[in-house]
Amino acid sequence: MIKLAGFIIISLLLIIFLKEAKREFAMVLTLGCAIVLFAAVADDFINILHNVYNLSSGLKNINAYISLMIKILGISLVAQFVVDLCRDAGENALASQTEIASKIIILIMTMPLFETVLNIVTGLLK
């Protein structure tokens, strides 16, 4: 974590310096730093996903819901990354539209879960 923190601080200082001189280079550096940080934590994230999958593999009904939660987590992380890049580039309208689109996609993905919960609740009430 100390190496990542040092990398982030040095990158931030370079980005601040470049923003005043060459804004387009600062944007490329920001994107490059984000990719490097993602690559640095990707292995840990994959290990977490494998552990969650292994824990849920014994439970047949839960596996589909765990998979759905992991997909939603991935969508929200990617959306947040894109929104932050848009805001850094000064495109606030595009950032807001990206946020709305990601929320709609997540809502669409969770509809089967809502249907299952409603079926369970109505089954209990009968």
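Author: Before we start on charges: Lys and Arg count as positive, Asp and Glu as negative, with His and the chain ends not counted. The place of a charge is NZ of Lys, CZ of Arg, CG of Asp or CD of Glu.

Reader: Fine. How far apart are the mean positions of the positive and negative charges?

Author: They are 7 Å apart, for 9 positive and 9 negative charges in the protein. Keep in mind that this is a predicted model: local features need pLDDT of at least 70, side-chain atom pairs count only at pLDDT 80 or more, and totals for chains, interfaces and linings use all residues. Residues are numbered from 1 along each chain as its sequence is written, and side-chain values use heavy atoms, with hydrogens and water left out.

Reader: Got it. How many helices and strands?

Author: There are 4 helices and 0 strands. From the N terminus on, the order is α-α-α-α. Helices (H or I, at least four residues) and strands (E, at least two) are DSSP runs, numbered from the N terminus.

Reader: What about the radius of gyration?

Author: The protein has 20 Å, whereas a compact globule of 126 residues would be near 14 Å. That radius is taken over C-alpha atoms, and the globule rule is 2.2 Å times the number of residues to the power 0.38. The C-alpha trace spans about 70 × 35 × 15 Å along its principal axes.

Reader: How much of the protein counts as buried?

Author: Of the 126 residues, 13% do. Buried means under 20% relative accessible area, exposed over 50%, and partly exposed in between (1.4 Å probe, protein chains only).

Reader: Switch to cysteines. How many disulfides?

Author: A search of the whole structure finds 0. The cut-off is a pair of cysteine sulfur atoms within 2.5 Å.

Reader: What does Ser11 touch?

Author: Leaving aside neighbours within four places in sequence, Ser11 is in contact (heavy atoms within 4.5 Å) with Leu29 and Cys33. Ser11 sits in helix H1, residues 2-21. Its relative accessible area is 7%, so Ser11 is buried.

Reader: And Thr30, where is that?

Author: In helix H2, residues 23-56. Thr30 touches Ile15, Leu85 and Asp88, not counting residues up to four places away in sequence. Thr30 is buried because its relative accessible area is 16%.

Reader: What share of contacts joins residues at least 24 apart?

Author: 54%, among contacts between residues at least 6 apart in sequence.

Reader: Ala42 next. Which helix, and buried or exposed?

Author: Ala42 is in helix H2. Ala42 counts as buried, at 16% relative accessibility. The C-alpha atoms of Ala42 and Phe81 are separated by 14 Å, and these residues are 39 apart along the chain.

Reader: Last one. Is Lys103 buried or exposed?

Author: Exposed, since Lys103 has 58% relative accessibility. Lys103 belongs to helix H4, residues 92-125.
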